[in-house]
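I opened the model to look up charged pairs, a sheet, the nonpolar cores and a surface patch. The entries follow in the order in which I made them.

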Amino acid sequence: MLALSAVWGAAAAAQTVPVQAPPASQAQAESSAVTAVEEVVVTGSRVARAGFTAPTPVTVLGGDQLAASSPTTLGESLKQIPALNSSVGPRGAQTSSGQGGAYLDLRGLGPSRTLTLLDGRRFVPGDGSGLVDTNLFPQALVERVEVVTGGASAAYGSDAVGGVVNFILNKKFEGFKGEVQGGVSNYNDDYEQKYNFAYGRSFAEGRGHLIGSVEYFKSNGVDQRLDRPVAQQSCQVISLPAGSPTLRDFACGVRVSNANFGGLITNTALAGTTFTAEGQPIPFNYGTLRTGATMVGGDGVIPQFAPLTSAIDKRIAFLRGSWDLTPKTNVYLEASYGVVGLGYQVGSYHNQLGTTALAIRRDNAFLPTSLRDRMTTLNLQTFSLGRYDNDIPQSKVTTDNTTYRLVGGINGEIGGWKWDGYFERGDNKRKLQIGNDLLQARYVEAADAVVSPTTGAIVCRSSLTTPGNGCVPINVFGYHPPSDGAFRYITATNAAIQKSYEHLVAFNLSGEPFSTWAGPVSLATGVEYREQGFDQKVDALSETFNPVTNSPGPFRVGNPKAQSGSYNIKEGYVETVVPLAKDMAWAQELELNAAARYTDYSTSGGVTTWKVGLSYTPVRGVRFRATRSKDIRAPNLYELYQKGQSNYIVSIFDRVNSVTATNVKQLQLGNPNLVPEEAETTTFGVVYQPSFAPGLGLSIDYYNIDIQNAISTPSAQQLINDCAAGAQDRCAFLHRDAGGALIGVDLVNLNLSAFKTRGVDIEASYGFDLSAIKESLPGRINARVIGSYVDTFTSIVPGTPVVNRAGEANNPQWRWNAQATYDADPWSLFVQARYTGEVSYDLSTVDTDLRQLKIKPETLIDTRIAYKLPTDSGAWTSYFSVTNVFNNLPPAFAPTAGSYDPIGRFYRVGLKFSY
């Protein structure tokens, strides 16, 4: 089940390994005796040479191990690794601005700073963000995944600032295999099903080889956050009333104070009036700690709307054929097709509150008579009504990503030099729809209902001055679902279709031009040309003017813009390995690894990256490694050319005015003047494989990453805080109404920041037969521990305080993953522990703003038991898996992604077979 005992992870960094792994019962020390059928180069270097071990740390994960640790998708499996714990998956899609893909994120530096490869080659991005969705990879054929946890731009190109994740396919697979799996959560939701099948065979006496796979995965997702106890507690940070010792505090039982289902009057002498379902006015009971947006207790709405996880429907097909033209020349062609559908509800009901609250006039046709009489007595013409529309279906976001990718190439060997050339053509079509999206101006028109002076019928006021405008009135007092005609008038589908592409050609050459006294000098060189672009078309309404927000975009959320952009990149690299010493008294082996790459961007010009590393083995079993590199990340197409997509922030603390603002519109904008980020990365560590304990491997590595000219988009809260702290340039991104209330925030990409992070990675693995302890004991144990300690994680922005966020809720200082497998044919047992250390809620706060809150450590336990069925042919294995065995839900105030599991205990059963 877990054949990873043949691979050391970090201890086996970047060495050549045989494809044909030893049996699970065989000690790792014996693996070198296995006859290699094909030499495979582990990620970390372009140099292909037997026995070469690159100085860059590499963690290797076998396909079976990934399936055991999280038997859903590859992206969810890789999130178990501490260095990848910040990766984004469908569980991260909780608002209309997310797309629900699976994007890998090393070191928490952002998915755009992690280069994701398939068989050492780039994969077409899903949109203009440049991010690669690993949902589209052929999971059934993945043999292993290699994670380079250090800068690798000189070897692999742009984006490898945090590192590289390389998915390696089993291109020589023979036979037929498949898997069927089903699962359900402890709360009887998030039903999932998975089917995958793979086939491979050689033909023409081994000259040709064919592999292919088809896969289907579906998860229903969880739309209602309130289906979990932690959300029912409604814990969040709230603003405190004036005169409190701090501006904000942590509270549970939080409710909305400025709106209610069916409506809440928020001003005039009628304030504090809400409505029954039938529309009759009744008093609204306010809770304690009441401010303009929130309170604790009372009658208000519980503001826990965002979904926990998006639904996903994935269909993947992959086909690869290769042919030996000569014994040393091979051609190949591979094609992949994928459709990934995602769906989740927008993170709130339609609402009118704060700056978008309804102005209700005294002559409104649906206004209860008792209220109209009171308005007459009080001489009131209007009042403000805050409302959550639970009588209108919520908006639903759906995306369909369709990807086509074709790769063809030829490789061979001449005179001891290996060469390969290939092309890639990748095209993606993403269709985004937000159904039942509210047209804000039309809703305001429909809510302003009056009695026609000519017919006596209830009509929209706007229809009196513009007959035939199509407006159909709605009753906003109480629970009154709109008529079909009214629903069609106030809602529509907000849609965008984006086509993106990646086309590239590349050629690589490697060999050993000469030798020194310590051994042959290896050289690898290559060139690449790449084009990327995107073009987005939107529905006819999305770019029209919205008088409610006084900005383009009539919908409450979404409002994508027609946009496009493209660039091309030309690259060339050279890498060498120079042996400096071998079999000396002071050095069993000493090697220098150096690389340089020149990259020319059509948008910003040329950049040179480099890497220098040493690998030193003083005695057998001990190896020291160190690297220093300069790495880059070019701005992606969205960062350059995005024209904006908007959504609403339900509530946000306006530190400038010391109040909580509601319904604040934020707009994302690109910047064509961006230049590439530049990073300097240092790593050094030691690997220990003692000869007295075959099967034991230990490694510890220090890293330090310093990114300058970092492309960042300050969050809405950060822009507000910076403005309050005196950064006037940030105030320009905030939009306020005539009264000074915050109504909008522009999020603009800037080469403004610097990132610094440093820490330590620790890894240990051990595999042994129990018979070594006592001859009569059956089976084998394979164990592995991967840990990560983050000492520094800072974002440095001119004019703002520098805060080390290592140890904050989204950046724990300590993360551990421990796994153990016991194999005793026909049974096997897998156990995994995932540990997150104690964290602080927000390290940037001061005592007068928000007190510090510590969130306790968390350990999640997963297990899987498998049984090999007795059969006359083939191999059949049934299994039962439980993730989060003790149903640990996120603590109050903890994030619902990353290290924590918002879904809870999950059960899966499955059946695997192979012939």
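I counted a salt bridge where a side-chain nitrogen of Lys or Arg lies within 4 Å of a carboxyl oxygen of Asp or Glu. This is a predicted model, so I noted that local features need pLDDT of at least 70 and side-chain atom pairs count only at pLDDT 80 or more, while totals for chains, interfaces and linings use all residues. Residues are numbered from 1 along each chain as its sequence is written, and side-chain values use heavy atoms, with hydrogens and water left out.

Entry: salt bridges

I searched the whole structure and got 46 salt bridges. One network of them links Arg-113, Arg-633, Glu-639 and Glu-677.

Within that group I looked at the bridge between the side chains of Glu-677 and Arg-113, at 2.6 Å from N to O. I used DSSP runs as elements, numbered from the N terminus: helices are H or I of at least four residues, strands are E of at least two. Glu-677 sits in strand 39 (residues 677–688) and Arg-113 in the loop between helix 2 and strand 4 (114–118), so defined. The two residues are 564 residues apart in the chain.

Are these two side chains buried or exposed? I took buried as under 20% relative accessible area, exposed as over 50%, and partly exposed as in between (1.4 Å probe, protein chains only). Glu-677 is buried at 1%, and Arg-113 is buried at 5%.

Next I checked Arg-530 and Glu-571, whose side chains meet in a salt bridge of 3.1 Å, N to O. Arg-530 is in strand 30 (residues 519–538) and Glu-571 in strand 33 (residues 563–582), 41 residues apart. Both Arg-530 and Glu-571 are buried.

Asp-791 belongs to strand 44 (residues 780–796) and Arg-758 to strand 43 (residues 750–769), so the bridge ties together parts 33 residues apart in sequence. Asp-791 is partly exposed at 28% relative accessible area, and Arg-758 is partly exposed at 36%.

I traced an open sheet of five strands, in the order 3-6-7-4-5 and with mixed pairing. Strands pair if DSSP finds at least two bridges between them. Strand 3 (58–62) and strand 5 (121–122) are the edges, each pairing on one side only. Strand 6 (residues 142–148) and strand 7 (residues 163–169) run antiparallel and are joined by six bridges. Arg-144 stands opposite Ile-168 in strand 7.

Entry: nonpolar cores

I took a nonpolar core as buried Ala, Val, Leu, Ile, Met, Phe, Trp, Tyr and Cys residues joined through side-chain atoms within 4.5 Å. The largest has 32 residues, and among those touching the most other members are Leu-78, Val-145 and Phe-167. Elements giving two or more residues to this core include helix 2 (74–78), strand 6 and strand 7.

What does Leu-78 touch? With contact set at heavy atoms within 4.5 Å, and not counting residues up to four places away in sequence, Leu-78 touches Leu-61, Leu-66, Leu-84, Leu-104, Val-145, Val-165 and Phe-167.

Entry: a surface patch

I logged a nonpolar surface patch of Tyr-822, Trp-827, Leu-829, Val-831, Ile-865, Phe-880, Tyr-907 and Val-909, with about 670 Å² of accessible area together. Patch residues have over 30% relative accessible area and no salt bridge; like charges are joined within 9 Å, nonpolar side chains (Val, Leu, Ile, Met, Phe, Trp, Tyr) within 5 Å. Areas come from the Shrake-Rupley method with a 1.4 Å probe, and for residues only the protein chains shown count as cover. Strand 46 gives the most to the patch, with three residues. Leu-829, found in strand 46, is partly exposed at 35%.
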